[in-house]
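Subject: Structure handover

Hello,

Here is the structure for your files. My notes follow below it.

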Amino acid sequence: MANKFFVAPSPHVHGSQSTRSLMRDVLVALLPALAVSTWVYGTDVLTVSAIAVVSCVVIEFLIQKFLLGGEPTVSNLSAAVTGLLLAFNLPASIPWWIVVIGSAVAIGVAKMTFGGLGRNPFNPALVGRVFLLIAYPVQMTSFSAPTVEGYSDAFSGATPLAAVKSGAVSVEDADLLNMFGGAVSGSLGEIAAAALIVGGIYLLWRKVITWHIPVAVLGSMAVFAFAVALLNGGGAMLYELPAFHLLAGGALLGAIYMATDYVTSPMTYKGMLIYGAGIGVITMVIRLWGAYPEGMSFAILLMNSVAPLINRYVKPKRFGLTTAKK
């Protein structure tokens, strides 16, 4: 009987999900967007994605094997997810060596410096993306126009956000249907709105993510854009401006796949709503009045830094505690 008595730390009840299964689901969810991007830009998309994924996996393996001296954990697929998300934040025409540098920063600096998966305070793929944007701004903002049939060249090779930001075109000129379907200029993950939504539904169905962060991010962006349009006279802009900003740039990629990162987002549902709303508001402030046409990456990284504070002050009710009446 004594041999059947075990003392072990929590958790005592385990679910069926594992890190590997969660990461596998994220990779599966990104496949539709990868397919649309390949259709729009050709095999360059597959080349950039393959280089990013392989670089992230190899760099993480080498750091764990020879610098940290621990058992490599690349089999959990987290490095592969980081690589694919990094690729989705890059243009299809970017040189291969810049992709490798971005992978080194994402894994070596943003992830492994802090001890690996579960300890990084910032989203690794976004750290790599922002570093490349600052270090190589020309290459990171040089986008080839899609060659698919039916593509609207209203933006002349620029992203919709950049074209509107520069005043080259107005929001009314934006082809929202093309933006929804994917035939616009941009990074790999900026041109497949419909496919990203399909992947997001898959993640919700698989219970990999919850609705709180994506809805808070996109909802706050829509409300902010609606308020700005209302202050500027309303009219058709009341729906055009919110729709444009939800479909343009990295709004969907950031809200569904990057802001929902378990490690860098709050733990409670209420905290997730606050976190997501902060991302949406900061994104819109940068887009409308900042120097950069896109603000999603900066907004997520800023709110990553606030997540520990949110966790500290937004806590669930603890079981077994009662409030004494005076």
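**Overall fold**

The chain has 14 helices and 0 strands. Helices (H or I, at least four residues) and strands (E, at least two) are DSSP runs, numbered from the N terminus. Along the sequence the pattern reads α-α-α-α-α-α-α-α-α-α-α-α-α-α.

This is a predicted model, where local features need pLDDT of at least 70, side-chain atom pairs count only at pLDDT 80 or more, and totals for chains, interfaces and linings use all residues. Residues are numbered from 1 along each chain as its sequence is written, and side-chain values use heavy atoms, with hydrogens and water left out.

Of the 326 residues of the chain, 50% count as buried. Buried means under 20% relative accessible area, exposed means over 50%, and partly exposed lies in between (1.4 Å probe, protein chains only). The chain exposes about 16,300 Å². Carbon and sulfur atoms supply 67% of that area. Accessible areas come from the Shrake-Rupley method with a 1.4 Å probe; for residues, only the protein chains shown count as cover.

Contact means heavy atoms within 4.5 Å. Among contacts between residues at least 6 apart in sequence, 75% join residues at least 24 apart.

**Salt bridges**

The structure holds 3 salt bridges. The criterion is a side-chain nitrogen of Lys or Arg within 4 Å of a carboxyl oxygen of Asp or Glu. Side chains of opposite charge can pair when their charged atoms come close.

- Arg206 pairs with Asp25, with the closest N and O atoms 3.1 Å apart. This pair links distant parts of the chain, 181 residues apart. Arg206 sits in the loop between helix 9 (193-205) and helix 10 (212-231), and Asp25 in helix 1 (residues 19-41). Arg206 is partly exposed, because its relative accessible area is 35%. Asp25 is buried, at 3%.
- Lys111 pairs with Glu60, with the closest N and O atoms 2.8 Å apart. This pair also links distant parts of the chain, 51 residues apart. Lys111 is in the loop between helix 4 (96-109) and helix 5, and Glu60 is in helix 2. Lys111 has 2% relative accessibility, so it counts as buried. Glu60 is buried too, at 1% relative accessibility.
- Glu294 and Arg287 meet through their side chains at 2.9 Å, N to O. Both Glu294 and Arg287 are buried.

**Helix packing**

Two packed helices are described by the angle between their axes and the distance between the axes. Helix 3 (residues 78-88) packs with helix 5 (residues 124-135) at an angle of about 35°, and their axes are 8 Å apart. Thr82, Leu85 and Leu86 of helix 3 make the contact with Pro124, Ala125, Gly128 and Arg129 of helix 5. Axes are lines fitted to C-alpha atoms, for helices over the stretch in contact, and angles run from 0 to 180 degrees between N-to-C directions.

Tyr257 is found in helix 12. Its relative accessibility is 6%, so Tyr257 counts as buried. Leaving out residues up to four places away in sequence, Tyr257 touches Ala29, Leu30, Leu85, Ala195, Leu196, Gly199, Gly200, Leu203 and Leu252. Gly200 is 57 residues from Tyr257 along the chain, and their C-alpha atoms are separated by 7.7 Å.

Thr260 is in the loop between helix 12 (251-258) and helix 13 (269-289). Thr260 is buried, with a relative accessible area of 10%. Again not counting residues up to four places away, Thr260 touches Ile209, Ile213, Pro214, Ala255 and Ser265.

**Surface and a loop**

Val54, Val58, Phe61, Leu62 and Phe66 form a nonpolar patch on the surface. Together they have about 470 Å² of accessible area. Patches are made of residues with over 30% relative accessible area and no salt bridge: like charges are joined within 9 Å, nonpolar side chains (Val, Leu, Ile, Met, Phe, Trp, Tyr) within 5 Å. Phe66 lies in helix 2 (residues 44-67). Phe66 counts as exposed because its relative accessibility is 62%.

Ala145 lies in the loop between helix 6 (137-140) and helix 7 (160-166). At 36% relative accessibility, Ala145 counts as partly exposed.

Best regards
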